[in-house]
Amino acid sequence: MKMPGLLDALHGVLGDKGLLTEAADLAPHLIDWRGLYHGATPCVLRPATVAELAVAVRLCAAAGVAMVPQGGNTSMVGGATPDESGRQVVVSLIRMNRLRDLDPLDMTMTVEAGMVVQAAQSHAAAAGCLFPLSFGGEGTATIGGALSTNAGGNTTVRYGNARELALGLEVVLPNGAVIGGLRALRKDNTGYALRQLFIGAEGTLGFITAAVLRLFPAQPAQEVALCALRDEDAALALYRRFRGRDEGAVRAFEYMARNGMELVLRHIEGASLPLAQPAAHYALVNLSAARADAGLRGLLEAVLEEALEAGEVLDAAIAESEAQRAAIWRLREEHPEAQRRAGGSVKSDVSVPVSKVPELLRRCHADLARLIPGGRPIAFGHLGDGNIHMNLQQPEDMALDAFLARSEDVMMTVNTIVRDLNGSFSAEHGVGRLKTEMLRDWRGGAELETMRRIKAALDPAGLMNPGKLLP
Ligand code: MLT
Ligand code: ZN
């Protein structure tokens, strides 16, 4: 079938609301969040049900047309943008956003892929529960996208990645067949755990259309502190002190360095440092508990006192209200936006064993500063997971094009150190289009060969999100 015939057939299945073809409607689907890629497409499919999607997929497969699944389009690695050929159709599940079920006794909820992550959090909260997945893009990113990319974020240290939060999945395969795996079981040893294949596959094996997600007890007790630290080692030492005292109390442990904090204070309206003076290194500690009388404040103060005495913590501000907690979190969450406003940046999202984070920070800082004089290394992220966003900000006196032309060098500089420390080139942002060559380099041999065989088995025609993940 030629494209015009396919569009007619798709319109017959999806209707006006389910098929966008006007240039103005397509535009927001063609550029990624970071503005790295500008793709083209004849249409965006927006099915309202699994049945509609399954038929649409069959039509596209029969026509040999490639499909690009797109959630909230917040990928950091161009994972959800069509290529420039104009022959790939975008498939958005944004209309499939219903809460199908929520069971506070089983502590599960079943949601459709197009539900925004923040909406899933709200549904859980309304039932007195917690859906813990939380990251910067949660107000736009969808559950389908979060699962497809195995999103991490701020609470991985306590609750795990998206992978750990999904008990069951419903999936439409590249041939239009539907896997109805929405089982809400904690124990289910019945063959291959197929759902784990689709989680983190970045839409290269099929469409995740719904998921059974784990819920947890709500956490009314919260303590948040911002700490000024002596050095990189002190950040790790402070994390260890909290874990040593009460591992289960740590909801998040985030690291930030001077350069990033300066950008936030300069570019984000209303941002202010709740400490007497700026420091070279900061930690954001968030403790939480289900019981109001869990003694979190005592724990926080005791650990901070020890760390102050040991000279690791130089100063600390403990939030006294929800507003102050939010203000401290904002200093961390606005790092990407502040960087965006400050000009171009090259991002690396890497992980190393937690014990190696100080070495990673020191070596990257030194090598990046040497690589591009005037470039500002911006390091922040999820220290408790060994996951640091190791970015380099455009020098003020260097043109954007000239700076971005050095992107490969910048990423290589970071990756060389990460490899030496037995880490990963992508901790939570995935591979997308940006890092496929890194996948070849880091996961080659039998590992990549096995991935290719899985891909060939499920998507022999290579129609699912081509050009992403696999080199
Ligand atoms: C974050 O933790 O803020 C995100 O992963 C975004 C980023 O790396 O810029
Ligand atoms: Zn992150």
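Predicted model: local features only at pLDDT ≥ 70, side-chain atom pairs only at ≥ 80, totals over all residues.

- Met107 sits in the loop between S5 and strand S6 (108-112).
- Its phi is positive, at about 55 degrees, even though Met107 is not a glycine.
- As background, most residues other than glycine have a negative phi.
- Leu469 is another non-glycine with a positive phi, here about 65 degrees.
- You'll find Leu469 in the segment after helix H18 (446-458).
- Is Leu469 buried or exposed? With a relative accessible area of 10%, Leu469 is buried, because buried means under 20%.

**The five-stranded sheet**

- Five strands make up an open sheet, in the order S5-S6-S10-S8-S9, and they pair antiparallel.
- Strand S5 (99-103) and strand S9 (178-181) are the edge strands; each has a single partner strand, so one side of each has no neighbour in the sheet.
- On average, neighbouring strands of this sheet are turned by 15 degrees against each other, direction ignored.
- Inside the sheet, strand S8 (residues 166-172) and strand S10 (residues 207-214) run antiparallel and are joined by six bridges.
- If you want a spot to look at, Gly168 stands opposite Val212 in S10.
- Helix H3 (residues 50-63) packs on the sheet and touches S5, S8, S9 and S10.
- The direction of helix H3 makes about 50 degrees with that of S8.

**The zinc ion**

- Which residues are the protein donors of the zinc ion (ligand 2)? They are His382 (NE2), His389 (NE2) and Glu428 (OE), at 1.8 to 2.2 Å from the ion.
- Along the chain, the donors of the zinc ion follow the spacing H-x6-H-x38-E.
- Both His382 and His389 are buried.

**Ligand 1**

- An oxygen atom of ligand 1 lies 2.7 Å from an N or O atom in the side chain of His429.
- For the side chain of His389, an N or O atom is 3.0 Å from an oxygen atom of ligand 1.
- In the case of His382, the distance from a side-chain N or O atom to an oxygen atom of ligand 1 is 3.1 Å.

Terms used
Residues numbered from 1 in each chain as written. Chains lettered and ligands numbered in written order. Heavy atoms only, no water. Donors = N, O, S within 2.8 Å, 3.2 Å for Na, K, Ca; no water. Buried < 20%, exposed > 50% of the residue type's maximum accessible area, 1.4 Å probe, protein only. Pairing = 2+ DSSP bridges. Helix = DSSP H or I, 4+ residues; strand = E, 2+ residues; numbered from the N terminus. Axes fitted to C-alpha atoms, helices over the stretch in contact; angles between N-to-C directions. Contact = heavy atoms within 4.5 Å. Polar contact = N/O pair within 3.5 Å; in protein donor to acceptor, adjacent residues only side chain to side chain.
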